Amino acid sequence: MKQAISEWPQISIIAEVYPLEKEAPLGVASKRQPWGEVQNIASLAAEGLGVKPTHAFRFGAALACYLADGFGPKELHAILSAPDEIDHLCALVGDLVEGSSTGQVVHEIPSNSIQHPELLWSFLKSLPCLADVDCASPSKAWRVRLDLSAPSQMRRPAMIDLPADLHKKLQVLADRALEMRDGSSGLRGISAMEIDGQAKGSSG
């Protein structure tokens with residue numbers, strides 16, 4: 001019997017993929033943080049944006065995978081201003097899992113429908129089952145093979161480089177999520193302008 005994604009352990013999977021192009025470093029200071037702390041603050045940050053808790057959980061695991069793979073923070077800054085896109089990615093991956101069985105199932109995703117390829121790759125890696133992703137050609141559909149009967153084989157690193165400016169933005173949103181949980185804020189989310197303003201203020 002399959003478990004709900006929200007009940008699965010927070011572990012990574014191995015993805016045998018053709019390499020995606022990684023961003024050049026942006027020259028921002030980074031601090032090494034434990035995997036679990038990065039995942040938790042990212043999950044809370046997504047909640048602070050108004051993302052539903054089950055999707056926020058998945059986003060936290062995906063963000064940790066994304067940074068561990070060495071991708072730059074530019075795309076993360078962008079998607080933190082677009083909570084609907086976080087929900088879309090989570091729903092897409094959820095549909096792939098729901099459409100799979102305990103055996104191997106191959107899904108195809110049209111490449112022109114993928115707006116955040118590196119993040120989608122990271123979302124797939126954050127599932128606790130075996131996933132092979134063939135994205136060899138930008139013009140062809142992604143072929144995603146899921147095997148829910150096979151466990152993760154990838155060892156996640158104990159520590160991750162978390163850029164300082166991204167950390168500040170995540171912290172602002174995580175604090176907002178905790179306020180929302182306590183009922184001290186009537187806001188459902190926070191605008192990108194407020195996030196940037198508070199993050200800059202905390203660094204001053």
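**Aromatic pairs**

The count comes to three aromatic pairs, where the rings of Phe, Tyr and Trp (its six-membered ring) pair if their centres lie within 6.5 Å, and planes under 30 degrees apart count as stacked, over 60 as edge-to-face and the rest as tilted. One of them joins Phe59 and Phe123, a tilted pair with 6.5 Å from centre to centre and 40 degrees between the planes. Phe59 belongs to helix α2 (residues 53–68) and Phe123 to helix α5 (residues 117–125), so this pair ties together parts 64 residues apart in sequence. Helices (H or I, at least four residues) are DSSP runs, numbered from the N terminus.

This is a predicted model, in which local features need pLDDT of at least 70 and side-chain atom pairs count only at pLDDT 80 or more, while totals for chains, interfaces and linings use all residues. Residues are numbered from 1 along each chain as its sequence is written, and side-chain values use heavy atoms, with hydrogens and water left out.

**A cluster of rings**

Ring pairs also link Tyr66, Phe71 and Trp121 into a cluster. Tyr66 is buried at 1% relative accessibility, and Phe71 is buried at 4%; buried means under 20% relative accessible area (1.4 Å probe, protein chains only).

**The nonpolar core**

The largest nonpolar core has 50 residues, of which Phe59, Leu67, Leu124 and Trp142 touch the most other members. Helix α2 gives the most to this core, with eight residues. Such a core is a set of buried Ala, Val, Leu, Ile, Met, Phe, Trp, Tyr and Cys residues joined through side-chain atoms within 4.5 Å.

Technical notes. Helices (H or I, at least four residues) and strands (E, at least two) are DSSP runs, numbered from the N terminus.
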